[in-house]
Amino acid sequence: MEVLMERMAKIGPKLFALHYKLDTSLADFEKYPLRLSDLIVIDVNPDVCPERIIWANSQPMKGVPAFGLTGDVIYEPMWVSDNFVPYTQRVMYVDPSGRGDDETSVCIASYHNGYIFIHELLGYPGGYEQGVLKKIARLAYEYRIKLVRVESNFGDAMFCQLLAPIMTDICGNIAIEDFRSTARKETRIISMLEPAMTQHRIVFDKRAISQEENQKQITRIFDKKGALFHDDRVDCLAWAVGHWEDLLSTDVDVVIARNKERARQDVVKTWLDD
């Protein structure tokens with residue numbers, strides 16, 4: 001035991017567990033930075049959201065399967081506010097499929113009070129087919145999307161040109177923008193998602209996070225080129241979260257107090273005008 005303790009002190013608990021106990025959990029824990037346990041999972045309403053949600057890691061959530069790494073589960077939030085308010089902003093991000101088995105991925109997210117609410121995270125087989133374009137347009141109509149952003153690294157914005165008339169036909173006037181990514185994908189995805197997840201600012205709809213492919217792409221990515229064979233969905237999620245990157249420092253309690261004071265002043269103004 002003394003020899004083993006000396007070796008653990010020399011090489012550290014992670015390598016000791018890996019080499020002497022054949023336990024990979026600590027190595028996996030350090031290698032894969034994105035964890036399901038950091039997410040808040042509720043039934044996300046398409047129109048309104050709770051003003052405040054408190055994250056916890058004490059009660060595993062029933063009815064939502066977990067496909068993360070060993071020991072990584074989804075937890076019930078500690079408390080959800082009874083006061084529901086409309087979302088401040090909403091956006092749809094689309095990552096068109098390349099060649100092969102890639103999916104055209106779609107993420108619909110809303111923002112309010114420092115929280116990013118994920119309504120949908122989907123992958124459609126195929127890329128430029130009419131059927132895929134119509135599915136995206138119908139989804140935009142269902143959620144009353146006003147802004148669609150499309151990654152244009154492949155095809156030089158051709159996807160936008162094909163999507164625009166179908167969007168106009170189904171949704172009416174809607175803004176469609178293309179953007180280009182330059183940084184290495186894995187590093188960019190982790191740098192966008194890890195801060196928001198560790199601060200418990202990402203709120204997933206139960207139905208969206210229950211999909212096995214969504215969970216596996218989120219939890220299996222690590223900072224190495226080609227870490228995932230399929231990373232379309234987690235890439236699209238990262239872009240949607242990064243859309244409000246500058247607003248994640250918002251203090252939720254300060255915003256709630258400010259809103260209450262504004263509502264009080266409105267009531268006073270109404271009485272004075274009567």
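Helices (H or I, at least four residues) and strands (E, at least two) are DSSP runs, numbered from the N terminus. The model on screen is predicted: local features need pLDDT of at least 70 and side-chain atom pairs count only at pLDDT 80 or more, while totals for chains, interfaces and linings use all residues. Residues are numbered from 1 along each chain as its sequence is written, and side-chain values use heavy atoms, with hydrogens and water left out.

**Whole chain**

Start with the protein chain, which has 10 helices and 11 strands. Its C-alpha atoms fill a box of roughly 80 × 55 × 35 Å along the principal axes. Of its 274 residues, 46% count as buried, where buried means under 20% relative accessible area, exposed over 50%, and partly exposed in between (1.4 Å probe, protein chains only). The accessible surface comes to about 14800 Å², with 53% of it belonging to carbon and sulfur atoms; areas come from the Shrake-Rupley method with a 1.4 Å probe, and for residues only the protein chains shown count as cover. Contact means heavy atoms within 4.5 Å. Among contacts between residues at least 6 apart in sequence, 71% join residues at least 24 apart.

**E51**

Select E51, in the loop between β2 (48–50) and β3 (53–54). E51 is buried, with a relative accessible area of 7%. Leaving out residues up to four places away in sequence, E51 touches S81, N83, V85, N113, Y115, V252, I256 and N259.

**The seven-stranded sheet**

Next, show the open sheet of seven strands, in the order β1-β11-β8-β7-β6-β9-β10 with mixed pairing. The edge strands, each pairing on one side only, are β1 (40–42) and β10 (175–179). Two strands pair if DSSP finds at least two bridges between them. Neighbouring strands of this sheet are turned by 25° against each other on average, direction ignored.

Within the sheet, select β6 (residues 89–95), in which six of seven residues are buried. β6 pairs with β7 (residues 103–112) in the antiparallel sense over seven bridges, and Y93 stands opposite C107 in β7. With β9 (residues 147–151), β6 runs parallel and is joined by three bridges; here M92 stands opposite V148. Then move to β8 and β11, also parallel and joined by three bridges, where F117 has V203 in β11 as its bridge partner.

**Helices α8 and α9**

Select α8 (residues 212–220), whose buried residues are N214, Q215, Q217, I218 and T219. Their cover includes β8 (115–125), α6 (185–198), β11 (202–205), α7 (206–209) and α9 (232–242).

How are α8 and α9 placed against each other? They pack at an angle of about 75°, with their axes 8 Å apart. Axes are lines fitted to C-alpha atoms, for helices over the stretch in contact, and angles run from 0 to 180 degrees between N-to-C directions. α8 and α9 are therefore roughly perpendicular, the word used for 65 to 115 degrees. The contact is made by E213, N214, Q217 and I218 of α8 and D232, R233, V234 and L237 of α9.

Among the buried residues of α9 are C236, W239 and V241.

Conventions:
Angles under 35 degrees count as roughly parallel, over 145 as roughly antiparallel, 65 to 115 as roughly perpendicular and the rest as oblique.
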